[in-house]
Amino acid sequence: MDTHVPQLPPIQVTELDLDGPGGAVLSFGPALDAAEPATEGDMYALVRLRGRPAATIVCHVPPGEDPATTVAAAARAHLKGIRPAGDERTAGPADGPPPRVSVVVATRERADQLARALDSLLAQDHPDFEILVVDNAPVTGATQDLVEHKYADRVRYARETVPGLAIAHNRGVAVAGGEVIAFTDDDVVADRRWLSALTAPFAADPGLGCTTGLILPAKLGTPAQILLESHGGFAKGFAPRTYDPADPPADEPLFPFTAGSFGSGANMAFRAAALRAIGGFDPATGTGTPARGGDDLYAFVSVLAAGHRLRYTPEALVWHHHRETWRDLTNQAYGYGAGLTAYLTALLVRRPALLPALLRKLPRGLVHARTITAHRDSGGAVVPGAHGTQDHPWPRHLSRLERRGMLAGPLGYARARRRVRGVPLPWDRENR
């Protein structure tokens, strides 16, 4: 088995803000405040244009050169001839104040990471929001102690004893008081405008059911982190896009079943009424269950199938701490494959009205999924951060693991479904 771990030097993660595609440097520095100052070496940079995320680049800063000057030159060259996305900051003009938002963070025994995430959430510029931590199947009191002592009166705490990310999210849905419910993970640091950017489209578009945002790497310090980001990571690009079931996109013939292109669970929000109307997340999906994932994909497709629109907005940015070890990456590769077919199985089981469309598109969908994993086996590309680019060869055994996961996903979903059979949904328990 090809299990050789590539030797890749660390890449510094930075931010550069320019006064236009060819403009002066407004600011430059490490992406996160706690990071070391930028120096010589390989550098990954988020390029902003007057604060707005516009691109990512990778460049090398030679010894003795000024990092800001070098990165700015590379950014200007990259942006030359590229038409920046429009200047609109929401889906359209909003009427009235922004909606009240509940931010749900599901976690399990990661109090140190959670504190970092909560600090960034409490610094959001949104005028009206609450933060709710859902402690999923805890084995210690560390999370509850953190929330009730360090964040008393600023963060709400809820416990969900049944393991699984989807059912933990459903616990958040059951007790959330916001008109919009946003979800993120305990291993992110949210940009200060994240919540405002993620939720503003709901005020502008009454038919909107879901929004997603941009996810970039907080660190690229290990081969596993670099390889994951080089082969797509979680980024979905820098162009805002609205997905409308009444007007399917011509460039996505498998729509809406290519849900992975819409966004990811670490950065998503739903109109609360729309999410509750579809029954929330399927409790037999997600991390912490034999299904291994697919909870976010299931929710995206279900909201679209109910007639709501979905908006991807790259201004809603979070920095994600990718897992660091090679074992983490192998587990992730398998889990991606399993989560994909688990979510498709969930659609078949729980939304049989989608069966005819799914069956028509399923053969092409499986070919598409097989192509994605096979495509990773070759090398050569431009920069990490754009989905599907390949700076470093993707080990074939990771592709094989992903395919094995795809084969195991339906069985994993069936096992998870048996585990939660008879377990009341959180809102049913709330009403007892």
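Me: Where is the place of Trp-394?

Reply: Trp-394 is in the loop between helix H10 (355-375) and helix H11 (396-420). Keep in mind that this is a predicted model.

Me: OK, and is Trp-394 buried or exposed?

Reply: Trp-394 counts as buried because its relative accessible area is 4%, and buried means under 20%.

Me: How far apart are the C-alpha atoms of Trp-394 and Ser-230?

Reply: They are separated by 9.0 Å. Along the chain, though, Trp-394 and Ser-230 are 164 residues apart.

Me: Let's zoom out. How many helices and strands does the chain have?

Reply: There are twelve helices and 13 strands in the protein chain. The chain has 432 residues, and 54% of them are buried.

Me: Which residues form the nonpolar patch on the surface?

Reply: Leu-348, Val-349, Leu-355 and Leu-359 form it, and together they have about 300 Å² of accessible area. Helix H9 (326-350) and H10 each give two or more residues to the patch.

Me: Take Leu-359 then. Which helix is it in, and what is its relative accessible area?

Reply: Leu-359 is in helix H10. Its relative accessible area is 48%, so Leu-359 is partly exposed.

Me: New topic: aromatic rings. How many aromatic pairs are there in the whole structure?

Reply: A search finds seven. One of them is Phe-183 with Phe-281, an edge-to-face pair with 5.2 Å centre to centre and 85° between the planes.

Me: Why does that pair tie together parts that are apart in sequence?

Reply: Because Phe-183 lies in strand E8 (residues 180-185), while Phe-281 lies in the loop between helix H7 (272-277) and helix H8 (295-305). Those parts are 98 residues apart in sequence. Phe-183 is buried at 0% relative accessible area, and Phe-281 is buried at 0% too.

Me: Why is the pair of Phe-255 and Phe-262 edge-to-face?

Reply: Because their planes are at 65°, and over 60 degrees counts as edge-to-face. The ring centres are 5.9 Å apart, and both Phe-255 and Phe-262 are buried.

Me: Last one: which residues form the aromatic cluster?

Reply: Phe-183, Phe-270, Phe-281 and Phe-300 form one aromatic cluster.

Terms used. Residues numbered from 1 in each chain as written. Predicted model: local features only at pLDDT ≥ 70, side-chain atom pairs only at ≥ 80, totals over all residues. Heavy atoms only, no water. Helix = DSSP H or I, 4+ residues; strand = E, 2+ residues; numbered from the N terminus. Buried < 20%, exposed > 50% of the residue type's maximum accessible area, 1.4 Å probe, protein only. Patch = residues over 30% accessible without salt bridge, like charges linked within 9 Å, V, L, I, M, F, W, Y side chains within 5 Å. Areas by Shrake-Rupley, 256 points an atom, 1.4 Å probe, with all protein chains shown as cover. Salt bridge = Lys/Arg side-chain N within 4 Å of Asp/Glu carboxyl O. Phe/Tyr/Trp six-rings, centres within 6.5 Å; stacked < 30°, edge-to-face > 60°.
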